Structure formats: C-alpha cells, structure tokens
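I've got one model to walk you through, so let me put it up and we'll go strand by strand.

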Amino acid sequence: MAHVDSSAAALTVEVAVGMAPRQVDRSSLTLPVGVTVRAALAASGLLDQPEGPNWANIASGQWFVGVWGRRADLDHVLRDRDRIELYRGLKVDPKEARRLRYRAAGEKVYKGKGRVIKYAP
C-alpha cells in the first residue's frame, strides 16, 4: 500500500470577490479534501460583510458564484488550487452599452481603411 502524505489531505483554495470595479479582495484558505464551495465561502468570512455579497444576495441572484471563471453550484466539490469567484450582476447589458457609446460618438473611423461611418438614427 502506498504511503499517503498528511499534507495531501488538505486543499489550498483562493476566494476572490470584486467588491467594486478594479478592486478585488482575495483570501487564501487551507481546507480538508472534499470541501464544497458553500463550506469554503463560509470559512473565508467574506460573506459576513454588511455591504457586498452575502448568502441572501447569492440566493436572490444579485451575486453569482463560479470556479475559475465558470459558474458553479454551492454544492460543487473543490479541487486543490481552485479559485472561487463571486461576481456582481451586470447593471447594463454589454451590447446595449456599446450601442449607447456608438451613438454618443456619432461616427466611427476604422483603422487603416480611411472610412468614416456616420450614425443616422
């Protein structure tokens, strides 16, 4: 039978939360093997803050949970070196924001083409 190292019975997990644009709070945790996203979030203490993500906001859909950029359930079992991410909901649809910026600029010049396209509502 192979020897099992006692350090192999623990996972290193990082929890990242974007509280505001360009502001990321990170917490590194050492947890037992078989831990879920829910248990890791509880151990991180990041959901105990009055502002930002909390259990009620996650349940209501104002905040979302993911592992390495992909949405994950709270019962997802973590692996070593996983990164749990908490995402804020979008306030504006990215396509609509692009349309609004385009209308505000009024015209667009394409690089290297020399063409100008004017927006006519």
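So, S1 and S5 pair in the parallel sense over four bridges, and within that pairing Val17 stands opposite Leu86 in S5. When I say strands pair, I mean DSSP finds at least two bridges between them. Strands here are DSSP runs of E with at least two residues, helices are runs of H or I with at least four, and both are numbered from the N terminus.

Quick housekeeping: this is a predicted model, where local features need pLDDT of at least 70 and side-chain atom pairs count only at pLDDT 80 or more, while totals for chains, interfaces and linings use all residues. Residues are numbered from 1 along each chain as its sequence is written, and side-chain values use heavy atoms, with hydrogens and water left out.

Back to S1. Its other partner here is S2, residues 23-32, and that pairing is antiparallel, over 10 bridges. Ala10 stands opposite Pro32 in S2. The two strands make a hairpin with two residues between them, and Arg22 in the turn has a positive phi of about 65 degrees.

While we're on S2, look at Ser27, which lies in that strand. Buried or exposed? Ser27 counts as buried because its relative accessibility is 16%, and the cut-offs are under 20% for buried, over 50% for exposed and partly exposed in between, with a 1.4 Å probe and protein chains only. Leaving out neighbours within four places in sequence, Ser27 is in contact with Val13, Glu14, Val15, Ser44 and Leu46; contact means heavy atoms within 4.5 Å.

Now the inside. The largest nonpolar core has 21 residues, and Val37, Leu41, Val65, Leu78, Ile84 and Leu86 touch the most other members. By core I mean buried Ala, Val, Leu, Ile, Met, Phe, Trp, Tyr and Cys residues joined through side-chain atoms within 4.5 Å. Which element gives the most to this core? That's S1, with four residues. As for Val37, not counting residues up to four places away in sequence, its contacts include Val65, Leu78 and Ile84, and also Asp73 and His76.

Last stop, the largest pocket. Its lining includes Val17, Leu86, Tyr87 and Arg88, and S5 gives the most to that lining, with four residues.

Notes
1 Å grid on protein atoms, 1.4 Å probe; cavity = no way out; pocket = protein on both sides within 12 Å on 5 of 7 lines; lining within 4 Å.
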